[in-house]
Amino acid sequence: MSNNFDVVIIGGGPGGYVAAIRAAQLGLKTACVEKRTTLGGTCLNVGCIPSKALLEISHKFHDAEHQFEKLGIKIDKPKVDVAKILNNKDEIIKGLTGGIAGLFKKNKVTSITGHATFLDKNTIEVENNGKKEKVTAKNFVIATGSEVASLPGLEIDEKTVVSSTGALELKSVPKKLIVIGAGVIGLEMASVWSRFGAEVEVIEYLDKITPAMDNEVSRNFQRILEKQGFKFRLSTKVLSVKKDKGGAKVEIESVKDAKKETLSADIVLVSVGRKPNTDKLGLDKAGVKTNERGFIENSHLKTNIDNIYVIGDVTTGPMLAHKAEDEGVAVAEIIAGQAGHVNYDVIPNVIYTHPEVASVGKTEEELKAAKIDYKVGKFTMMANSRARATFDDQGFVKILACAKTDKVLGAHIIAREAGNTIHEIVITMEFGGSSEDIARSCHAHPTYNEAVKEAAMAVEKRTIHS
Ligand code: FAD
Ligand code: NAI
């Protein structure tokens, strides 16, 4: 092994592989160590990409089963071939993870397969199938990501009691799926299996779904999912999950009145969050500290040790692939002596259900808590002609702008393709733009983004189409 790298990145997920490519572009002698046999991390192997592939296939199935006839297209009742669906998903993963390996070659990043452990602040040991080698570097970037968090006493076997990883691999459509946690993973994976025909019941400890979300959006989103057949039990605690013949029993208790009940399901999905991955990383040997929740904290992406940096899910901030990627670019630029920077105030968040839910910046509740005067501009998708023409007019766009300066402070969208639509607001916020800037920009017709323009116009109560 060629040693003495300028920078070695530990972890080949969206944080790590992006950091490696950018570092190599900047002329640094770079290696990336990944313990999986494929690159791309959680995102490409068991996260963003496989879940979006299944969401797409299940949406098409649902349309064929429930929409086509209404639109005047007659077909025989569609059937699900789970094996073929999973194979299609796996082919996408294979193509994309192989693509990262190609990018490493093109950019002259040394790819090392194996589990990395620090021996000291300039040396790691990489272990692969019993073979060990030492790798030294001037700088390290820890990009080891996150892993599923469970509940005390609950064993995830990835067959009956599954995490997102098992939920991406179910061999047949469950009759009844119980989801613990009404967060992003729970609602996306429940959408997949519900569209294929599973009965879905979601247990949430707090009194709202997707708790970090703007309250109005959360309420509307819940109603939309209920219309799709989801059953929610909010303010409900899971006491135990016990496997029984062919399924599991879930004992629950109401947080409000302590009433207990036992539910049955064929599959239980545990989606109560993820935790930082620092397993067998030898952080103590390098002197790197973690906080009380296990995250490695950073100051401008540097840990408490001068030559060791940290990015992505394993450090603080939202656990999102694009946040990890932006940190990957910034950390490489910082190591190369440039001014790498991430604007944490403008990181979009998207839930890829149908309709999609997207947000950026502050919620109304956050603005109220911070005592910031704001104006609200709202526009319903029912009045957006593209939404009407595509028979998909659920949801709305809501823009929050500063009452004094009109600067856009936040935006929340429920709509088909909200995850794409949000980006004009992201760019506006990045440039410190106002709602008037959006309102006076020409928007192509007919597009979903015209609803953003109208919501911006609604801030000054001058919408045209409502
Ligand atoms: P990871 O992607 O977790 O990569 C870390 C890598 O480090 C892993 O490959 C791991 O094997 C490797 N590693 C760990 N320890 C070592 C070691 N000691 N030595 C060598 N290698 C090591 N985010 C979005 O933005 N959009 C989405 O749509 C989305 N969907 C998701 C769906 C699911 C089901 C899940 C679980 C997550 C989803 N996420 C999504 C979150 C996203 O996957 C993560 O935020 C992102 O992958 C974090 O990137 P990362 O590089 O920090 O870590
Ligand atoms: P999450 O944090 O989004 O949601 C977890 C939910 O479980 C919360 O609503 C929480 O209140 C609830 N909960 C916690 N403990 C509970 C308990 N004991 N009983 C009942 N409910 C409980 O976590 P999730 O869904 O596991 O996702 C992890 C991370 O992965 C997300 O934070 C997100 O950053 C990332 N992700 C992003 C996606 C996207 O961008 N589209 C898709 C999937 C995951």
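1. Ground rules first. Residues are numbered from 1 along each chain as its sequence is written, and ligands are numbered from 1 in the order in which they are written. The model is predicted, with local features needing pLDDT of at least 70 and side-chain atom pairs counting only at pLDDT 80 or more, while totals for linings use all residues; side-chain values use heavy atoms, leaving out hydrogens and water.

2. Who sits around ligand 1? There are 39 residues (a heavy atom within 4 Å), and Glu-34, Arg-36, Thr-42, Lys-52 and Asp-313 come nearest. By class, 15 are nonpolar, 18 polar and six charged (Ala, Val, Leu, Ile, Met, Phe, Trp, Tyr, Cys and Pro are nonpolar, Asp, Glu, Lys and Arg charged, and the others, Gly among them, polar).

3. Now the polar contacts (N or O pairs within 3.5 Å). A backbone N or O atom of Ala-321 is 2.9 Å from an oxygen of ligand 1. The side chain of His-115 has an N or O atom 3.3 Å from a ligand nitrogen. Protein covers 95% of the 990 Å² of accessible area that ligand 1 has on its own (Shrake-Rupley, 1.4 Å probe).

4. Among the elements giving two or more residues to this shell are α1 (14–25) and α10 (321–335); α2 gives the largest share, four residues. Helices are DSSP runs (H or I, at least four residues).

5. The axes of α1 and α10 (lines fitted to C-alpha atoms over the stretch in contact, angles from 0 to 180 degrees between N-to-C directions) come within 7 Å and cross at roughly 30°. That makes the two helices, α1 and α10, roughly parallel (under 35 degrees).

Methods. A polar contact is a pair of N or O atoms within 3.5 Å; within protein, one must be able to donate a hydrogen and the other to accept it, and residues adjacent in sequence count only if both atoms are side-chain atoms. Angles under 35 degrees count as roughly parallel, over 145 as roughly antiparallel, 65 to 115 as roughly perpendicular and the rest as oblique.
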